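I opened my notebook to work through a protein model one look-up at a time. Here is what I wrote down as I went.

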Amino acid sequence: MNAFQSLHVVKCICEESPMIELARLFDLKPEHERRLNSHALERMNAWEARIIKKTTRLDIQEIMTDLDTYLHDDERVEFNKSLAAIKRWLSGSMDIISNYFFHPYATWVIDPMIRMETLIMRAYQRAEAERQKKEYEDKWCAAFVSITPPVDDAKKYLNDKEHEEFTLAVGKAIEAYLEKGEAYMADVRSFDYSWWLKKIKVRKEEEA
């Protein structure tokens, strides 16, 4: 067990909660926990507990992937500076001797911890936003296939202005379908779509 896996605060909340392993970000090994001052370990436990409460990421690799993918270059520089500062504090909090007893209580490490936590959450939120966007796009495409708008007939029987309005109506109908399912045509958002379907049908019959 490393310094971040013994999360007493989180275990009190939920004994069976899986733990993320932020220790890997600091290159901490199991033996380091035994050398780390108890107050420093407490502070790190509380810090990681805050992150766990704010994110669904329970695997360090997911967090590292978020950081690699979604932090901008200037944010990476800021993250690495904060990481290095916390590493220095952790190093100074091991094998405490009397002359350095107050090092684990240092207040200067609060700022890099907050900055690092903020950047972890920023990367996570960007990853989640992209995931939700892709999820919505996938659902939208599936809904488009389900309602099967007559796109070929629309191009053939509607002029450019009408086709633009038809496209907007399709979008509203899909929104209704995503919410109401098969009952989407009874939704007010589908009224324009229904009107255009009838108009295309009439023109197609007239041509025949």
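**Entry 1: the whole chain**

I noted at the start that this is a predicted model. I looked up the elements and found nine helices and zero strands in the protein chain. Read from the N terminus, the order is α-α-α-α-α-α-α-α-α. I then checked burial: of the 208 residues in the protein chain, 39% are buried. For the surface, I found that the protein chain exposes about 12,600 Å², and that carbon and sulfur atoms supply 54% of this area. I also looked at contacts between residues at least 6 apart in sequence, and 72% of these join residues at least 24 apart.

**Entry 2: helix 5**

Next I picked helix 5, which has 20 residues. From first C-alpha to last it reaches 29 Å, close to the expected 28 Å. Which residues of helix 5 are buried? I listed Glu-75, Phe-79, Ser-82, Leu-83, Ala-85, Ile-86, Trp-89 and Leu-90. These residues cover an arc of only 165° around the axis, so they sit on the same side of helix 5. I reminded myself of a rule that helps here: an α-helix has 3.6 residues a turn, so residues three or four places apart point the same way.

I then turned helix 5 around. The face away from the buried side carries the exposed residues Asp-73, Asp-74, Lys-81, Arg-88 and Ser-91. What do the buried residues of helix 5 pack against? I found helix 3 (38–54), helix 4 (60–70) and helix 6.

**Entry 3: helix 9**

I repeated the steps for helix 9, residues 191–207. Its 17 residues reach 25 Å from the first C-alpha to the last, close to the 24 Å expected. Its buried residues are Tyr-193, Ser-194, Trp-196 and Ile-200. Looking down the axis of helix 9, I saw that the buried residues fall within an arc of 165°, so they line one face. On the face turned away from them I found the exposed residues Lys-198 and Glu-206. What covers the buried residues of helix 9 includes helix 6 (110–147), helix 7 (151–157) and helix 8 (160–180).

**Entry 4: Arg-126**

I went to helix 6 to find Arg-126. Is Arg-126 exposed or only partly exposed? Its relative accessibility is 25%, so I wrote down partly exposed. Leaving aside neighbours within four places in sequence, I found Arg-126 in contact with Tyr-70, Leu-71, His-72 and Glu-75. Glu-75 was already on my list of buried residues in helix 5. I also looked up Leu-67, which is 59 residues from Arg-126 along the chain. The C-alpha atoms of Arg-126 and Leu-67 are separated by 9.9 Å.

**Entry 5: two loops**

In the loop between helix 5 (73–92) and helix 6, I found Tyr-105. It has 40% relative accessibility and therefore counts as partly exposed. Together with Phe-101 and Phe-102, Tyr-105 makes a nonpolar surface patch of about 360 Å².

My last stop was Thr-148, in the loop between helix 6 and helix 7. What did I find for its phi? Thr-148 has a positive phi of about 40°, although it is not a glycine. With 56% relative accessibility, Thr-148 counts as exposed.

Methods
Residues numbered from 1 in each chain as written. Predicted model: local features only at pLDDT ≥ 70, side-chain atom pairs only at ≥ 80, totals over all residues. Heavy atoms only, no water. Helix = DSSP H or I, 4+ residues; strand = E, 2+ residues; numbered from the N terminus. Expected span 1.5 Å × (residues − 1). Buried < 20%, exposed > 50% of the residue type's maximum accessible area, 1.4 Å probe, protein only. Arc of directions from axis to C-beta. Contact = heavy atoms within 4.5 Å. Patch = residues over 30% accessible without salt bridge, like charges linked within 9 Å, V, L, I, M, F, W, Y side chains within 5 Å. Areas by Shrake-Rupley, 256 points an atom, 1.4 Å probe, with all protein chains shown as cover. Salt bridge = Lys/Arg side-chain N within 4 Å of Asp/Glu carboxyl O.
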